[in-house]
Amino acid sequence: AAQPSSRDHRRAMHGRCTCLMAAIGLIHGKSSTAAAPPLELFALAHIIAATADIQTPSRVGSPNASAAKALTDTPNGGTNHSRWARALASSSSGCTWNSLEYSDRCTATRLHGSTLVQKQLLITAMGGTGTHSVSIEFAARFGIKLGHEYVDDHGSVSWPFAVNSQRFPSYAPLKPPGARFWRVLHLVRCPIETIASFESHTIESWRFAARHCPNSKLQKRMNELLQRHCPHCHSAPQHTAVFADKSHLSLSERDFIVEFSATFWVCWNEHIESYVPSTRRFRLEDKPWMAMCRAGMHDTWRCHQRAGVKLRRRQLLVNHISYRSASGNQLKRMHSGHDLLSKAARTHSTRVGSTNHRHHISVTRSMLQRVLPTHLYEHLKVMARRYGYGERCF
């Protein structure tokens with residue numbers, strides 16, 4: 001090896017060797033056991049990755065370098081395991097564990113033994129925001145296959161995928177289980193319209209929402225509402241509606257729907273905000289398809305390849321994807337070829353937003369003010385204003 005040319009280079013090389021020697025010592029010390037603890041395996045990965053950080057002065061303060069520093073600062077090159085654990089905790093503080101966004105620092109600890117499959121794009125939101133329409137738009141305008149509530153060639157548009165769960169709804173399976181997304185976009189919609197739309201979701205969706213709300217206080221309130229106003233929700237078939245007869249809802253039932261959905265709106269969007277920056281937040285009303293494509297796709301050339309698609313072809317595609325099978329549970333997921341000329345597909349509406357329309361109750365601003373606790377309503381207003389919505393939406 002060449003002689004070091006400066007004191008800084010010698011110091012960097014010394015630190016690098018110390019890290020590698022510590023890694024070798026860890027492996028040797030644990031060779032007699034059946035399997036090393038996950039923390040130490042995670043630490044080993046950080047130590048090896050830290051060797052690249054030590055070489056570059058501009059990255060000495062990076063999280064990986066802080067993990068290595070816990071080793072090099074101990075006397076006689078020994079390992080201080082408590083400092084080691086603290087350094088690893090700080091090095092992982094930038095990770096959002098409860099998401100499906102890919103991270104080279106975090107993902108390896110979240111896969112639970114599954115094989116990592118990285119897709120390009122996930123567009124997520126609260127249920128009822130219009131994810132089905134977005135999936136159609138990307139397929140029709142750009143030829144980009146984003147599965148609605150499932151993982152397709154380029155990614156997915158799904159509200160349940162906003163969290164990292166071991167039990168997704170039956171209509172939104174994460175297949176393959178190790179799928180992660182290179183980029184996540186946050187889709188929002190006028191709160192009143194979203195809250196009203198979520199009412200039309202099945203009992204399975206309501207259970208999933210109450211079980212996976214990341215805010216413990218809001219989650220507790222959602223579960224209390226379910227137990228008090230919808231005791232049958234825990235035993236009813238998962239594909240049924242919360243209330244079968246929506247034309248004869250009592251006042252208390254309407255209030256329950258509004259409060260539950262509004263609480264979920266705050267909880268879900270607040271969680272997505274925690275790991276998706278505001279520069280990747282888009283409003284459905286703006287129809288920002290091109291901006292979303294360019295912000296979400298690694299190979300942005302796809303966003304321009306079919307910009308001049310003929311309207312009739314796009315209408316047929318929208319119709320076809322919206323056409324449901326006889327059972328009403330599964331969409332016919334066909335994207336190209338002669339299927340676009342399906343006779344049944346032509347009978348459906350081409351207006352974006354109506355292709356997956358479900359009947360639901362209407363929600364007004366006065367209902368929100370009357371039903372919601374003051375602190376929750378104020379929180380909702382602040383978030384809605386941050387998203388660019390006026391008073392008509394809250």
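Biologist: Which backbone oxygen does the side chain of serine 200 reach?

Modeller: The side chain of serine 200 comes to 2.7 Å from the backbone oxygen of serine 197. A polar contact is a pair of N or O atoms within 3.5 Å; within protein, one must be able to donate a hydrogen and the other to accept it, and residues adjacent in sequence count only if both atoms are side-chain atoms. This is a predicted model, in which local features need pLDDT of at least 70 and side-chain atom pairs count only at pLDDT 80 or more, while totals for chains, interfaces and linings use all residues. Residues are numbered from 1 along each chain as its sequence is written, and side-chain values use heavy atoms, leaving out hydrogens and water.

Biologist: Where is serine 200 found, and does serine 200 count as buried or exposed?

Modeller: Serine 200 lies in the loop between helix 6 (191–198) and helix 7 (203–212). Helices (H or I, at least four residues) and strands (E, at least two) are DSSP runs, numbered from the N terminus. Buried means under 20% relative accessible area, exposed over 50%, and partly exposed in between (1.4 Å probe, protein chains only). Serine 200 has 12% relative accessibility and therefore counts as buried. For the chain, buried residues make up 47% of the 394 residues.

Biologist: At what angle do helix 7 and helix 8 pack?

Modeller: Axes are lines fitted to C-alpha atoms, for helices over the stretch in contact, and angles run from 0 to 180 degrees between N-to-C directions. Helix 7 and helix 8 (residues 216–229) pack at about 145°, and their axes are 8 Å apart. Contact means heavy atoms within 4.5 Å. Trp206, Ala209, Ala210, Arg211 and His212 of helix 7 meet Gln219, Met222, Asn223 and Leu226 of helix 8. By class, this contact has five nonpolar, three polar and one charged residues (Ala, Val, Leu, Ile, Met, Phe, Trp, Tyr, Cys and Pro count as nonpolar, Asp, Glu, Lys and Arg as charged, and the others, Gly among them, as polar).

Biologist: In what order do the five strands form the open sheet?

Modeller: Strands of a sheet pair through backbone hydrogen bonds, either parallel or antiparallel. Here the order is 2-3-1-4-5, and the pairing is parallel. Two strands pair if DSSP finds at least two bridges between them. The edges are strand 2 (146–148) and strand 5, each pairing on one side only. From one strand to the next, the twist averages 30°.

Biologist: How many bridges join strand 1 to strand 4?

Modeller: Seven bridges join strand 1 (residues 117–124) to strand 4, with glutamine 118 opposite arginine 180. Three join strand 4 to strand 5 (residues 281–283), where arginine 283 is the bridge partner of valine 188. Strand 4 (residues 179–188) is mostly covered, as eight of its 10 residues are buried. Three bridges also join strand 2 to strand 3 (residues 155–157), and histidine 148 stands opposite valine 157.

Biologist: Which strands does helix 5 touch?

Modeller: Helix 5 packs on the sheet and touches strand 1, strand 2, strand 3 and strand 4; its direction makes about 150° with that of strand 2. Because 11 of its 12 residues are buried, helix 5 is largely enclosed by the rest of the structure; among the buried residues are His132, Glu137 and Phe142. Helix 5 (residues 131–142) reaches 16 Å from its first C-alpha to its last, close to the 16 Å expected (1.5 Å times one less than its number of residues). Glycine 143, which has a positive phi near 70°, follows helix 5.
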